[in-house]
Each structure stands twice: as C-alpha cells, then as structure tokens.
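Q: Got a model open here and want to go through it piece by piece. Can you take a few questions?

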Amino acid sequence: MEKLDSILLDARKEIEGSQESQELNSLYQKFLGKTGIVTEQLKHMKDLPNEEKKTFGMKINSIKNEIFSLIKIKEKEFEKNKVEEQIKNTEFVDLTIPSKERKGSLHPITILQEKLIDIFLSMGFTVEDGNEIETEYNNFEAVNIPKNHPARDMQDTFYLENGQVLKTHTSAAQNRIMKKYGAPLKAIFPGRCFRNEELDASHENTFFQIEGMMIDKDVSVANLIYFMKEMLTNVFGKEINVRLRPGFFPFVEPGFELDISCPYCDGKGCRVCKHGGWIELCPCGMIHPNVLKMGGIDPEKYQGFAFGLGFSRLAMMNYDITEIRLLNSGNIKALSQAKIK
Ligand code: FA5
C-alpha cells in the first residue's frame with residue numbers, strides 16, 4: 001500500500017513537471033502502459049491474502065484513475081497554451097485587414113444603374129423609386145390598359161392573393177409620379193419587374209427596367225430622340241445612332257421600338273446584332289392623352305414622352321454577358337468575369 005502511495009506521488013510530480021505532450025505520452029506508458037509501473041503492481045495482487053485483495057484492488061484502481069485524469073488535465077493545458085501561442089505569434093488573424101483573396105464589389109446591375117442615374121441627373125431628371133408590389137390600377141388601368149383589355153395578355157402577371165400584382169413593368173409608377181409632381185416633370189425610375197415567363201438566355205422572371213418620362217409644353221419625338229442618344233452615347237462611350245420603328249403600347253401614341261446602331265461593329269454587322277447592324281433596345285413613345293389625364297395633367301396643355309429601357313439586357317450587352325440568369329444567380333465567379341467598363 002505504501003508503495004502505491006509513493007507511485008502516485010511520483011506520477012503527480014512528473015506529470016506536473018512535464019513540458020510537452022510527447023513527454024506526457026511517455027509518462028502514460030511509464031505508469032499506465034502494458035508494462036507500466038501501475039500495471040506491474042496489479043500482477044502482485046494474486047500473491048496477496050484474500051482479505052487484502054479487495055482493498056488493494058480498490059486502491060490501485062483509484063490510483064489508475066487519478067493518474068489518467070492528471071494526464072488529461074495536463075494535455076488540455078498544453079492544447080490551450082498552443083492556441084494562445086499561435087494567436088500571440090505567427091497565426092494571429094486580423095479581421096480588419098482587407099483580404100488579398102477576393103475583394104467585394106457592387107453588382108454589375110448596380111454599377112450600370114448608378115452610371116445611368118448620373119447621366120440622367122446631369123440632364124436635369126429626378127430619380128424616383130417604384131413599388132415592387134403594385135395595385136392592378138397602377139400597373140394596368142392607369143396606363144390605359146383597362147380590365148379585359150387584350151393587352152393584359154401581353155404580360156404574364158404574378159397576381160397576389162390580395163388582388164395586387166408584382167409589377168410587370170416600370171410604367172406602373174407613371175401615374176403616381178405624375179400625381180406627385182404634376183407638369184412639367186422629368187423623371188427616371190429604375191426598378192425590378194416580374195413576369196411569369198418561359199425562361200431562356202434573354203428572358204428572366206425577375207429583371208430590371210429603367211423608365212423615363214418627360215412632360216412639358218411642346219415636347220416632341222425630337223426631344224425623345226435627343227435624350228435617348230445622349231444617354232446611349234454616354235453609356236457606350238461613343239456616338240450611337242438610333243432609329244424608330246412603329247411599336248404598339250396602349251399607353252403611348254405614337255409608340256415606337258427604338259433600335260440602336262450596333263456599338264460592337266458600328267453598324268457593319270456582327271454576331272451581337274445578328275449581322276443586321278441594329279439592336280432593338282427600348283420601347284418608347286409619346287404619352288397617351290388618357291394616361292396624362294389619369295395622372296391629373298391636362299393633355300391640351302402638355303405633352304410628354306416615355307421610354308421603358310430593358311435594363312438587364314442593356315447590362316448584358318455592356319458587360320458581354322450572354323446568359324441573363326447569371327445576373328440574378330449570385331454566382332460570384334461568373335459575375336466577377338463581367339467586363340465592367
Ligand atoms: C414594356 O414593359 C413597356 N412598359 C415599355 C414602355 C415604357 C413602352 C414606356 C413605351 C413607353 P416591354 O414589354 O417590351 O415593354 O418590355 C420592355 C423591355 O423590357 C424589353 O425591351 C426587354 O428589354 C425587357 N424585358 C421584357 N421582358 C423581359 C424578360 N422576361 N427578361 C428580361 N428583360 C425583359
């Protein structure tokens with residue numbers, strides 16, 4: 001029994017004095033290993049008289065347990081010291097240092113939108129926000145698309161249970177903006193639009209448009225062409241020609257499809273313009289008198305133009321992105337390859 005007490009004392013002293021985990025491993029083997037000191041003592045048990053066997057067995061078990069837990073405690077201490085050492089010295093991580101690996105950036109849509117906003121602000125337009133959830137009235141009736149009008153079939157609409165809609169076009173904000181400012185007014189309103197469409201490389205169910213409106217006395221198609229050319233020349237950084245073709249939208253009269261001369265081949269014909277030299281970009285027209293009236297503006301005194309630029313598609317063109325779904329994908333690898341100009 002005395003021998004056992006002195007084994008425990010030695011073990012305590014040696015474990016306490018150990019300096020590293022390797023040393024601890026050796027101490028484990030020395031005391032508790034197959035040929036270790038404690039294990040050896042167990043072998044003597046068979047030579048003891050029966051009445052001493054039980055006390056000896058209990059004592060040796062408690063010594064075994066105590067040495068084992070002393071080793072575990074010391075092991076934890078070593079691990080803790082190691083981590084503290086790493087933090088203190090070589091492996092300290094300063095989270096405030098900018099990463100060398102990957103820098104965050106604005107989304108290509110946001111970058112281009114800010115560019116367009118700057119261009120229109122410099123031409124005296126204000127920038128307005130539109131709702132993503134709209135009343136049917138604003139999305140349709142207020143832009144001259146009455147209930148049961150076949151034009152509603154042109155846009156597959158997401159209807160909400162309360163009868164409102166996810167706006168299908170930025171034109172849904174026209175009425176609210178006319179009521180807010182009256183005439184004269186010059187405003188653009190970028191926004192996300194939603195249509196329940198068949199998806200392909202150039203059709204998304206969630207996409208961006210930028211709408212613009214100018215209302216004043218004596219506004220004509222010439223003003224429309226001027227502002228569109230200015231905007232496009234600024235976006236593409238070179239002179240862009242435009243042409244108008246007739247287009248039907250119930251909220252404009254006359255209505256147009258505005259094409260631009262292909263900025264990639266300067267109208268000579270290439271893959272992007274499908275060798276035609278022109279790219280269809282922006283429906284537009286002179287605001288229909290009914291729409292002005294519903295916005296509280298007298299069409300006898302004022303005229304205006306409106307356009308609804310397909311902004312996601314302009315972004316694709318501008319950044320050489322061939323698949324529209326990438327824009328909403330959150331795929332950083334793909335988006336960071338967008339050729340931001
Ligand atoms: C309109 O939405 C009209 N509100 C535009 C307008 C405004 C005309 C003011 C006249 C005056 P349209 O449905 O053609 O028109 O859509 C306009 C542009 O949005 C399209 O040219 C296209 O570039 C873009 N667009 C439409 N649907 C999608 C879609 N599913 N995915 C991506 N872009 C789309």
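Q: Which residues are exposed on the other side of α5?
A: D118 and S122 are exposed there (exposed is over 50% relative accessible area, buried under 20%, partly exposed in between; 1.4 Å probe, protein chains only). This is a predicted model, where local features need pLDDT of at least 70, side-chain atom pairs count only at pLDDT 80 or more, and totals for chains, interfaces and linings use all residues. Residues are numbered from 1 along each chain as its sequence is written, and side-chain values use heavy atoms, with hydrogens and water left out.

Q: And which ones in α5 are buried?
A: P108, I109, L112, L116, I117, I119 and F120. They cover an arc of only 165° around the axis, so they sit on the same side of α5 (the arc is that of the directions from the helix axis to the C-beta atoms).

Q: What follows α5?
A: G124, with a positive phi near 90°.

Q: Switching to the sheet. What's the strand order?
A: β1-β4-β5-β9-β8-β7-β6, an open sheet of seven strands with mixed pairing (helices, H or I, at least four residues, and strands, E, at least two, are DSSP runs numbered from the N terminus; two strands pair if DSSP finds at least two bridges between them).

Q: How many bridges join β5 to β9?
A: Eight, and the two strands run antiparallel. M214 stands opposite F305 in β9.
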